[in-house]
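This report covers selected side-chain features of one model. The sequence and structure come before the details.

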Amino acid sequence: MSPLPVFHVHLTGPRRIRAAGFTLVELLVAVAVFALLATASVTLLAHVLDQRAVVSAQSARLAQLQRTHALLGADLSQVALRSVRRADGSSQRSAFMAAPAGTGEGELFAFVRRGWANADGDPRASLQYVQYRVEDGRLLRSARQYLDGAVDGEPHLLLDGVRSARVAYFGHGQWSDGWDGGVGRLPDAVALELELERYGHVRQVFVLPGGGA
């Protein structure tokens, strides 16, 4: 039997054999990169949530302002030329009660409006006496259950963050800070100027029906 051939392998240079897997240094680098990415993701998520809360609060505030404008417009567009009696039985001097010039707190204006819905068929008129006032930085609306000899009902919050309020009235061809048209005349238009914490100066103008009658 002939001997098995012998093969000789000659290495041309030093070679290093590496075991499968990661070295400790590579593992630490991977962990550090993952930690940085996780921190960045959490920071980004927190920022998005904060911005979402801010946008939500701003949207709610804007919706509140829009509802107030709509309610004011609905009330003033149906104002009636009618004076009422107070709880003590005395008559009001004007069909449209206006606050003195420059009033920032207390009553702004009060009047009788038409079109009070009566879905339950209660024994009452379709006329309603409403009052707008500013109290402790809040714009409030209250209404009476009955026109004459009744006290104001529980006020409802319309706007908060009201720094100041001013009302102007248009009649006799000009604007004025007060109104005393008596029982026979309504202003032609009402301008409500509010200084709000988040929106600054806001001016709203409402045209009244039959103000010049």
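## Basis and conventions

Contact means heavy atoms within 4.5 Å. The model is predicted, so local features need pLDDT of at least 70 and side-chain atom pairs count only at pLDDT 80 or more, while totals for chains, interfaces and linings use all residues. Residues are numbered from 1 along each chain as its sequence is written, and side-chain values use heavy atoms, with hydrogens and water left out.

## Helix α1

Helices (H or I, at least four residues) and strands (E, at least two) are DSSP runs, numbered from the N terminus. Helix α1 spans residues 24–76 and contains glutamine 64. Leaving aside residues up to four places away in sequence, glutamine 64 touches Leu158, Leu159 and Asp160. Buried means under 20% relative accessible area, exposed over 50%, and partly exposed in between (1.4 Å probe, protein chains only). Glutamine 64 counts as buried because its relative accessibility is 15%.

Leucine 28 also lies in helix α1, but counts as exposed at 54% relative accessibility. A nonpolar surface patch is formed by Leu24, Leu27, Leu28 and Val31, with about 410 Å² of accessible area together. Patches consist of residues with over 30% relative accessible area and no salt bridge; like charges are joined within 9 Å, and nonpolar side chains (Val, Leu, Ile, Met, Phe, Trp, Tyr) within 5 Å. A salt bridge is a side-chain nitrogen of Lys or Arg within 4 Å of a carboxyl oxygen of Asp or Glu. Accessible areas come from the Shrake-Rupley method with a 1.4 Å probe; for residues, only the protein chains shown count as cover.

## Aromatic pairs

Rings of Phe, Tyr and Trp (its six-membered ring) pair if their centres lie within 6.5 Å; planes under 30 degrees apart count as stacked, over 60 as edge-to-face and the rest as tilted. By this rule there are six aromatic pairs. Phenylalanine 96 and phenylalanine 111 are stacked, because their ring centres are 5.4 Å apart and their planes at 0 degrees. Phenylalanine 96 is in strand β2 (residues 96–98) and phenylalanine 111 in strand β3 (residues 106–113), so this pair ties together parts 15 residues apart in sequence.

Phenylalanine 96 is buried at 0% relative accessibility, and phenylalanine 111 is buried at 0%. The rings of phenylalanine 109 and phenylalanine 111 are tilted, with centres 6.2 Å apart and planes at 35 degrees. Phe96, Phe109, Phe111, Tyr132 and Tyr169 form one aromatic cluster.
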